[in-house]
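Please keep the coordinates at hand while reading.

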Amino acid sequence: MNKKKTVRYFAEPHGRNKPASHAGKPTVKPVFEQTAKQEVKIEHRVTNPMSKDFKKPAPNRWNPKAANKQTTEKPRNEKPLEIPIDPTVLLRHSRGDRIDVYGVKTRLHKINEKRKDINIEFAVQQAARAEILLPEEEGYLEADSGESTTNITQQQIVENVDITTATKHFNLALDFGPYRTRYTRNGAFLLLGGKRGHVAAFDWVRKSLLCEMNVMESVHDVTWLMNHTMFAVAQKNWVHVYDNRGTEIHCVKTMHRSVRLEYLPYHFLLNSAGENGFLSWMDVSIGQSVGNYNTKMGKITVMTHNPWNAVTCVGGSKGVVSMWSPMVREPLAKMLSHPVQLTAIAIDPRGHHMATAGLDRKIKIWDIRQLEGPLETYHTNSAAAEIELSQRGLLALSMGNVCEVYRRGNNQVSEDKMKPYIRHRTNGAISSVRFCPYEDILGVGTAKGFCSLIVPGSGEPNFDSYEANPYQTRSQRLETEVQSLLEKIPPEFIVLNPTQIDEVDVPTAKERLEQKVKLLTMKPPRIDFEPRKRNRVTKAKLVKIKQNVKESRFREAAKKLKDMKEKLLAEESRTESADFIPLEPKSVLDRFNTKKKKKAL
């Protein structure tokens with residue numbers, strides 16, 4: 001049988017084994033066409049190497065085979081698919097309008113500002129698109145037409161929710177009340193403190209007890225410190241610090257007869273209010289007292305802190321809310337919220353709104369950032385003893401043994417009468433209400449124990465694991481402790497508006513610059529001196545005396561002015577850091593400048 005000769009249709013690579021006679025031959029490329037009879041034909045298209053259409057592959061000394069690979073070029077006219085974004089989502093992440101470049105002088109700075117606006121808009125779009133990655137959404141109770149969610153009991157909610165959520169509703173019958181309650185920042189642990197000395201810390205989800213003890217003294221308030229490994233208890237005389245095993249670590253005797261406790265997590269400050277009217281701050285990372293001031297308001301029973309700026313808010317008997325910082329002896333601001341005594345204060349976790357309750361049976365919502373309001377005013381049947389705001393804006397308050405929860409801004413009635421979202425009656429007087437972070441749970445401390453209520457829609461469904469992780473492991477907790485200590489904020493930065501720290505005080509800076517320029521350009525003053533006329537003193541001698549006095553005074557003024565300039569320049573050189581970049585770059589010719597002689601010490 002005659003073997004058919006194989007025909008090579010593709011160009012040979014340009015190598016050293018290729019015969020020289022092939023150099024001028026045309027290369028052959030196949031084009032495959034399929035007919036209706038499913039037959040394959042080969043059409044020979046000849047391309048002359050000398051023509052313009054022939055493109056020689058670029059040689060590759062490291063990989064000769066790569067020169068023969070044909071790269072597919074994408075069509076240039078194709079545009080990427082643009083997915084529209086919901087305008088409401090964009091508005092939620094918006095950072096404000098674009099900057100007006102009308103007052104910007106140079107073209108370079110205008111371009112920089114426009115480029116910054118473009119980057120901000122891109123970041124807003126990316127944040128809006130990332131909302132699709134949030135797996136959970138808040139859900140509320142929905143009643144049928146003609147019915148109200150107020151009539152839905154906790155037993156009915158437990159019967160209709162999943163098993164995991166149903167186990168989060170429980171009651172603890174305790175005999176050492178009334179109880180103060182506190183959740184950790186991630187909502188995983190619960191701390192109870194009874195007035196008769198009972199203190200207990202446990203994992204309320206798994207029902208795992210950390211420690212339980214009786215301090216044999218009256219307990220007025222409790223709070224967690226940086227995490228569930230340490231907590232503070234305001235006992236009869238002083239504040240005591242314990243670990244999660246119940247071992248006493250420290251006794252803070254600078255906090256005498258404290259009745260309220262707060263903890264500032266970003267500053268590592270433990271804040272207490274005493275029955276003698278003193279406010280105290282202690283840095284728990286180093287164990288030193290930061291501030292201790294007399295508010296002159298008598299016994300303080302209403303106190304909370306603003307998470308946005310870490311300012312402590314204290315309610316007085318005259319209806320005034322005063323705001324305090326550990327570095328200022330006087331209050332930063334005062335707000336007259338009620339004409340009568342305040343009974344409770346609460347600030348939402350974002351630090352935007354403050355709710356106040358007074359003996360006038362009114363509840364007012366204030367804009368605490370602008371110190372304006374009231375934005376909303378509501379009336380209740382009796383004065384609220386405790387009040388709390390959740391992460392999603394729900395309002396919880398207690399009146400005697402009745403606990404009510406309200407949905408702000410979603411009521412079908414007027415502002416004068418709020419419609420309760422959930423109402424629950426306990427078997428004892430309520431002494432504390434706390435929303436659990438990242439859970440639809442409301443913890444209620446009573447005179448006869450503790451009750452955990454299910455409140456759908458109260459907690460934030462999506463958590464930031466870098467901020468607070470409910471499923472935190474031991475290694476993550478240790479890493480978070482170190483990271484938070486490295487990022488600790490000094491107490492000097494506790495002000496009403498924390499955004500002022502990164503701003504420039506333009507009037508003050510302008511005045512300082514003008515004073516500096518005036519001082520550097522100042523000349524010695526003109527000396528006016530006329531010697532008094534004496535007997536037997538010639539006119540020439542008077543002129544000489546006048547000239548000598550003028551010269552001596554001029555030299556003194558010039559020397560004083562020179563010393564002031566040198567002192568100013570020396571202070572500026574000391575304030576310059578190691579990474580300071582001067583406006584005028586140094587030249588290689590500076591080596592020929594005359595060096596100043598150092599003064600001998």
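In this predicted model, Tyr471 has a relative accessibility of 63% and therefore counts as exposed, the threshold being over 50%. Its aromatic partner is Phe463: the two rings form a tilted pair, with 5.9 Å from centre to centre and 55° between the planes. Phe463 is partly exposed, at a relative accessible area of 35%.

Because Phe170 belongs to strand β3 (residues 170-173) and Phe450 to strand β30, the contact ties together parts that are 280 residues apart in sequence. Both partners are buried: Phe170 has a relative accessible area of 12%, and Phe450 has a relative accessibility of 2%. Elsewhere, ring pairs connect Trp224, Phe231 and Tyr242 into a cluster.

In soluble globular proteins, nonpolar side chains tend to be buried together. Here the largest nonpolar core comprises 30 residues, and Trp204, Val405 and Leu442 have the most contacts inside it. Elements contributing two or more residues include α3 (154-160), β4 (179-183), β5 (190-194), β25 (394-399) and β26 (402-407), together with β28 (430-435), β29 (441-446) and β30 (449-454). The largest share, 4 residues, is supplied by β30. Apart from this core lies another, of 25 residues, among them Tyr293, Val314, Leu342 and Met354.

What surrounds Val405, leaving aside its neighbours within four places in sequence? Its contacts are Leu394, Leu395, Ala396, Pro420, Tyr421, Ile422, Phe435, Leu442 and Val455. One of these, Tyr421, also takes part in an interaction with a charged residue: Arg407 lies over the face of the Tyr421 ring, at 5.8 Å from the ring centre. The charged end of Arg407 also sits over the ring of Tyr140, 3.8 Å from its centre.

A further enclosed element is strand β12 (residues 258-264). Since 7 of its 7 residues are buried, β12 is largely enclosed by the rest of the structure. It pairs with strand β13 (residues 269-274) in the antiparallel sense, over 6 bridges, and Ser258 stands opposite Gly274 in β13. The two strands form a hairpin with 4 residues between them, and Phe268 in the turn has a positive phi of about 55°.

Most residues other than glycine have a negative phi, and most peptide bonds are trans. Two further non-glycine residues have positive phi values. Lys207, with phi near 60°, is placed in the loop between β6 (198-203) and β7 (208-214). Tyr438, also with phi near 60°, lies in the loop between β28 and β29. Are these residues buried or exposed, or partly exposed? Lys207 counts as partly exposed, at 42% relative accessibility, whereas Tyr438, at 19%, counts as buried because the limit is under 20%.

Cis peptide bonds complete the description. One joins Gly177 and Pro178, with omega of about 0°; Pro178 is found in the loop between β3 and β4. The bond from Gly373 to Pro374 is also cis, with omega near 5°, and Pro374 is placed within strand β23 (residues 372-379).

Conventions: Residues are numbered from 1 along each chain as its sequence is written. This is a predicted model: local features need pLDDT of at least 70, side-chain atom pairs count only at pLDDT 80 or more; totals for chains, interfaces and linings use all residues. Side-chain values use heavy atoms; hydrogens and water are left out. A nonpolar core is a set of buried Ala, Val, Leu, Ile, Met, Phe, Trp, Tyr and Cys residues joined through side-chain atoms within 4.5 Å. Buried means under 20% relative accessible area, exposed over 50%, partly exposed in between (1.4 Å probe, protein chains only). Contact means heavy atoms within 4.5 Å. Rings of Phe, Tyr and Trp (its six-membered ring) pair if their centres lie within 6.5 Å; planes under 30 degrees apart count as stacked, over 60 as edge-to-face and the rest as tilted. A charge sits over a ring if NZ of Lys or CZ of Arg is within 6 Å of the ring centre and within 35 degrees of the ring normal. Two strands pair if DSSP finds at least two bridges between them.
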